[in-house]
Amino acid sequence: MSRKRYPEKRSKERPADKQRRQDGENPLFGRLLTFLRKQQEPSSLKTIIKGLALAEHEQQSVKEALASLEQTGRLRRNRQCWQAAGGESIVRARLSLTTKGFGFAVLEGNVARQQKDIFIAASALNGAGHGDTVQVQLISRSSERPEGEVVEIEKRAFTHLCGIYMGDRNLGIVTPDSDKLPFTVRVKRNDSLDAEDGQAVLVEIIDYGTPQRQPLGRVVEILGQPDTPQVQLRMAIQQFDLPRSFPAEVQAEAEALEPLTEAVGSRKDLRYLRHVTIDGATAKDFDDAVCVQKTQQGYRLFVSIADVSHYVQPGSAIDVEAFQRGTSVYLPNMVLPMLPERLSNDLCSLVPDQDRPAFTAILDFDQQGKRIGAKFTKSLIRSHCRFTYDTVNELIYLREKEARQAHKAHLSMLEKAKELAALLAQQRTQRGSLGFTIPEADIRLVDGKIASVSRLKRNQAHLLVEEFMLAANEAVAEHLDHANMPVLFRVHENPSPEKVKDFVETAASMGVELPKSSISPAWFAAVLAKTKNTPAEYVVNNLLLRTMQRARYTPENLGHFGLAAEYYLHFTSPIRRYPDLVAHRVLQNLLAKQKVPAKILPDGEELEAAGAFLSGRERVAVETERDVQARLAALFLRDRVTEQFDAVISGVTAFGLFVELVECLISGAMPVKDMVDDWYRHDSTGHCLIGERTGRIYRLGDLIKVRLVQVDMLSRKLTFAVAV
């Protein structure tokens, strides 16, 4: 049937947009603003021309550009001298572009908490690219969304990029591997390394070009065919500028370290305890071991964490490199570690039957699982067994006879651990701690090919370990806070009332009856409990998670909303997270009672700035992991166009539907323009699309059968249609 057509609604053009359109994006604007912003005093025309190294015949063009900038209020003139206007409205930010060409100036630190990100129109980028650090002039302070213009590019986000090469006799073109980089890079034939059409290459940018001229580069490495997981992984790593190896100085420093195998000084010898590690089957960096004893009062839990601080001294080459990385990044069949393997997989890893230095939290609990005591000590431990989650699940939850017979020596301790973990979980539930059940994708590579994409399987052994790690993190945070020791807390602030209100309205449209709303962990926990094991569970968990603020690191203890915890920090993973290493150093300073505490950060780093930086490094790691999942998901489905899948509707917009495949958690879109069986109206209140002729409704949370229509490897976007 034919669709109804309605006249397009014209959006009102902002004055700033109109002026920029009339200006025609004069390339001199950015250079003039950048130059004048740096001057202490107003500059004459002669000074400007000399400062920009312009030719004399360009004088008239400069005059016209100055007049235009003065007219729009971006420059002020004092007689025949000019200076940049509104210096107080200049902010420093990182530029994040969208696939449509416009972007946002992402603010950082305290400014980011007080002000929304700034909208930057495509015509106001002035040559800046995605990820660049820029100076932004505020144009409009709209309460809905402030608007600005890039006036200076402080630092380019990349000097190299990956892309697909296509060429002819004289000139090649590389299309960047990200649709957030809306340009191509010109490559002269003699700078192409004889790359072949369609190959993925690494290009070094020689000249960033101008708004009228594309960048110029040279191929420095041919990566291979882009339809392989290895090349896609390499391109993702390059896109996020992650290091693939350690500097020679760091490696040499790591190799020179001597293992500690004796309990000297105040370090306690705890090798007699039957510590065990419980990790994934492929793990190599074992940074935590546990042991549980029964006591007259209840239970005693030993959480022993690899003593990275013994080997990594503040300001050392290893320390500086670890700080810059911030965290390890885990990708399919690959880890980009924070520490060299000499440390992460050897000296610090709590491998079985080897003496290892540790930092042990000794926590006492009563019969109900309430903590009644906490002590901390440097220690020397020995792991008596390396367990996997699956094995522990078989031993104490599934109680499989063969497994229990094989590990008889550890059964008693593990049974006590099971009892204590259940009590700790009960305590957390009672105080309102949230238990999100967001499934994760598990991508398996075999012989360089994607063998499967499925739901990551979690069992009760995962929860047991999590309870013990949470208990240790809370105990250390409380101990350091009471001692007024500056440290990096892991804080999670209250969600905004507006987002909670939107969630309540959305849940109501899905037919989910909720408890009377209040912004408290207990209310959120009640919502999760009410929808557990129901068809709405997946969507409600995702929607509720979106109302939350992002957890971050800061010296200010603001509590952790999601855990309903007054005190929380990261202590249990110093092999892979730098904030945990900071916590170890601070705790050691407290135990040592030194008049002049030892340093806890590399030279020149301040704690508040370090918290913001390390929060940013964590975000980069998460973005990289998501990008890799999207790449490999697209590659996995590329040859499965026309196949049908079960899916859940995870989003509804006027543009169409967003769906997630049930079995493999791969996401995609169903554009409404392709739904040709009817004319669909978007009901924003009901979060659904309604067919005007058939009355068919597609609602958030519905299960539907879809057919794969298209896979776009560049954008990593998957397009689906309703299966007929």
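A residue is called buried under 20% relative accessible area, exposed over 50% and partly exposed in between, using a 1.4 Å probe and protein chains only. The model is predicted, with local features needing pLDDT of at least 70 and side-chain atom pairs counting only at pLDDT 80 or more, while totals for chains, interfaces and linings use all residues. Residues are numbered from 1 along each chain as its sequence is written, and side-chain values use heavy atoms, leaving out hydrogens and water.

R693 counts as exposed because its relative accessibility is 52%. R693 sits in the loop between strand 30 (688-691) and strand 31 (697-699), where strands are DSSP runs of E with at least two residues, numbered from the N terminus. From C-alpha to C-alpha, R693 lies 63 Å from K416, and 277 residues separate the two in sequence.

Attention now turns to strand 10. This strand, residues 171-176, shows a covered face made of G172, V174 and P176, and an uncovered face made of L171, I173 and T175. Two strands pair if DSSP finds at least two bridges between them. Strand 10 runs antiparallel to strand 9 (residues 160-167), joined by five bridges, and the two form a hairpin with three residues between them. Within this pairing, G167 stands opposite G172. Strand 10 also runs antiparallel to strand 11, here with four bridges, and V174 of strand 10 faces V185 of strand 11.

Strand 11 (185-188) leads on to another loop: E196 is placed between this strand and strand 12 (200-207).
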